[in-house]
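Please read these points with the model open beside you.

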Amino acid sequence: MGSAGSFVVPRSDRPLVEAGAVAAAGGEPCWSARDGGWRILQILGGDDVDGRRLGAETGAPTLVASVVDGDFAVVEGRSPSAGRWSAVLSPETAGEYGCPDHLLVDPEVSAAHAVRWAEEAGLRPDPSAVAAASTAEGDPFAEDLLISSPPPWA
């Protein structure tokens with residue numbers, strides 16, 4: 001069984017455990033990394049991190065991925081120009097869990113939004129890798145799709 005919790009990915013100068021949106025969600029921070037101005041924090045348990053609030057705190061594009069038992073993840077991206085978008089990683093598994101239809105966005109649509117988000121964030125995404133990730137199933141865990149090296153949105 002994989003994890004249940006969240007991955008939080010914003011551009012931020014300060015540790016994510018200091019962010020009000022992260023503190024409000026609760027849970028147990030268990031892993032973090034930093035690459036340039038980007039930070040990633042894995043939180044076990046707790047509530048979903050409010051991406052809107054986190055974006056307001058950081059003033060930068062953010063990703064928040066809520067992982068369900070390591071089997072699938074609901075990803076929400078936010079940025080000042082591209083706005084809000086969402087995607088589900090491991091969409092077939094998510095459907096088997098009964099994930100609500102409004103979250104199971106067309107993978108081509110979510111991939112296009114993810115590419116726009118990444119470009120706005122100053123990254124150079126590989127559109128074909130983003131498209132592949134949007135239809136891939138976790139093997140064995142959905143979170144592996146989030147923290148691949150390099151991630152498709154980088």
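1. Helices (H or I, at least four residues) and strands (E, at least two) are DSSP runs, numbered from the N terminus. This is a predicted model, in which local features need pLDDT of at least 70 and side-chain atom pairs count only at pLDDT 80 or more, while totals for chains, interfaces and linings use all residues. Residues are numbered from 1 along each chain as its sequence is written, and side-chain values use heavy atoms, with hydrogens and water left out.

2. Six antiparallel strands make an open sheet, ordered 2-3-1-4-5-6 (two strands pair if DSSP finds at least two bridges between them). Strand 2 (28-35) and strand 6 (83-89) are at the edges with a single partner strand each, so one side of each has no neighbour in the sheet. From one strand to the next, the twist averages 15 degrees.

3. Strand 1 (residues 5-10) and strand 3 (residues 38-44) run antiparallel and are joined by four bridges. Val8 is opposite Leu41 of strand 3.

4. Helix 2 (residues 51-58) packs on the sheet and touches strand 1, strand 4 and strand 5 (72-79); contact means heavy atoms within 4.5 Å. The direction of helix 2 makes about 150 degrees with that of strand 4 (axes are lines fitted to C-alpha atoms, for helices over the stretch in contact, and angles run from 0 to 180 degrees between N-to-C directions).

5. Helix 4 (residues 107-120) lies across strands 3, 4, 5 and 6, at about 125 degrees to strand 6.

6. Ser66 belongs to strand 4 (residues 62-68). Leaving out residues up to four places away in sequence, Ser66 touches Gly5, Ser6, Asp48, Phe72, Ala73 and Val74.
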